[in-house]
Amino acid sequence: VWSAMTIAYKDKPEEVLARVLPGNLAALEQDVIGPIHRLTRERAPKVAIFGPRKEVDPQLAMMYLQQGMQPPEPMEQFSRIQEVLQQGHYESVPVDITPQSPIPEDADLLIVMGMAQLNERQVWEINRVLHGGMPVIMALQAHEYGYSPGQGGGWTISGQALDTGLEPMVAEFGLELGEDHFLDSAMETIDLPREVNLGGLRMQTREPVRLPIQIRVTESQMDQDSPLVNRIGTLFYLWGTPVTPEPDKLAAHGLQAAVLIESSNESWEEDWNDGPIAGATFRPSDRALLGPQPLAVLVEGEFPDTFAGRPVPTWPDAVADTSATPLEQGPEPQPLDPAPARLLVIGSAKMFDDNIIAASQNALLLLNAVDYLAGNRDLLSIRAKTLTQRVIRPVSPREKVLWRLVVVLLVPVILATYGVLRAGARRREATRYRMSVRRADSR
C-alpha cells in the first residue's frame, strides 16, 4: 500500500504529502499542521539573508593577472541557507546591504553571517532595523583556520583573525565575543584531502583530522526549556568562540539574555596569534579549564541606537553609485521608531556555510531560530515533538579508563567471586546431604 495525502484550502495550490509511511508517523503532526498553517496565512514570512562571498586569495588573483587572465569571481559561502528556508516555506531574499541591495523594509527577519569586514554604513543599517523592531540572527566569526599537510606527516594549522565591524555594536548591547583561540575536549573529526606518493604514483586520499577547534555540542549542553534547541541532538560548532553576556550592560538597556548553548566542562582558551599554531596549543594537559562557556545567546528587549548623536555614515565609494543622481539613489533612510526586538547571537558563522551546514543538526538549529524569531512559535513546538538523533554525552579519558576497568576487570572478578561462593555453597549442601544419608543408614 502506497499512502499519500493532499491538503487543499480555497483556491490555493494543494499541498501534497507524497508518502505517509510507518517510518514517518512520528512527524505526521508537523507534516499536517505545517501545510495548514502555510495555506491559511496571508503571506509567507520574508527573510533577508546577508552572506558575504569568499574573496579570492590575493596571491592566486595575482597569478591570474600575471598570465593575462581575469581572477575567479568571489565564491558563494552561504547559498544553502536559502534551501533550508525553502523547507520551511519562507521567502528568502539575499541582500548585500548596499544602495543597490538594501535590507527590505517589509522583511520579517534578518540573518547576518559575519565572515567578512562590514563598513560603518552596513553596521548602521543592521543597527537601524534591529532598533526598529526587526528580529536578527547574527552569526559572528572571530577567526578562521587553514589546514596544510605537514612535510613529515600530520597537519600545520594556521589562524587568521576576522574583524566584522559588528563587535562594537554587540558589545554595546552587552555581549562580548571571544577573540582568543577557543578549544574544547569534545571534538569532532573531519576528513581532509591529502596527496600521497605510492610507488611513484601520486594519489588523492582523505585523512581524518581531530582537533579541539572542531567542537562537538551535544543535547546535554543545550537549554532544554527552550523549544529553539530542546530537541536538537548534536551540533558541529566549527572554529567558534564564546558569546559572553554582561549583565550590567544588558540591564542598563533593559535587555534580557538567555544562554541557549554552552561548551563542555573541558574547554579552555589560548592567547590569539596569527599564522602557524604550535601543536601544544591543542593539548588540554596542564591547561586551566574554563568550564561551560556560552556559545549562543538570545537577547530580547528594545535595542539602543548605537549611532545616536552621530551623523548617518556615508556609503564608501567602492559600493556607492557615484554616477547616479540623488533622486536615482533614492531617499536617505531615516532612523526608525524604537520597538522591542529579538537578537540571537551565535559565536560561529562557519557552522552554517555550504560545506558544514548539513553536518550534525546545524540546519535544524537555523530553521528553529527562524521559526522562533519570525513568530511561528506554535509550529516550533510541534517540531519539538518529533524524534531527533540521540547521542551519548562526551566522555573524558579518565571516565573511559574507569569503564574499561569495570568491563575488563571488575565484571570478571564479580563473576569469579560469585562462582567461588556458589561452588562453596553447593559443596556445603552436598556435605550436609551425605551426612544426612549416613545418619539415616546408621539407624
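Is Glu-207 buried, partly exposed or exposed? Select it and see: Glu-207 is partly exposed, with a relative accessible area of 24% (buried means under 20%, exposed over 50%, partly exposed in between, with a 1.4 Å probe and protein chains only).

Before moving on, note that this is a predicted model, where local features need pLDDT of at least 70, side-chain atom pairs count only at pLDDT 80 or more, and totals for chains, interfaces and linings use all residues. Residues are numbered from 1 along each chain as its sequence is written, and side-chain values use heavy atoms, leaving out hydrogens and water.

Arg-194 lies in strand β11 (residues 187-198) and Glu-207 in strand β12 (residues 201-218), so the pair ties together parts 13 residues apart in sequence. Strands are DSSP runs of E, at least two residues, numbered from the N terminus. Arg-194 is buried, at 12% relative accessible area.

Next, pick Arg-287 and Glu-270, whose side chains form a salt bridge at 3.0 Å, N to O. Arg-287 sits in the loop between β17 (275-276) and β18 (294-301), while Glu-270 is in strand β16 (residues 267-270), 17 residues away. Arg-287 counts as partly exposed at 27%, and Glu-270 as buried at 18%.

Jump to Asp-353 and Lys-350: another salt bridge, with the closest N and O atoms 3.0 Å apart. Asp-353 is buried at 4% relative accessible area, and Lys-350 is buried at 14%.

Last stop: select Arg-53, Glu-76 and Asp-96, which are linked in a network of salt bridges.

Technical notes: Helices (H or I, at least four residues) and strands (E, at least two) are DSSP runs, numbered from the N terminus. A salt bridge is a side-chain nitrogen of Lys or Arg within 4 Å of a carboxyl oxygen of Asp or Glu.
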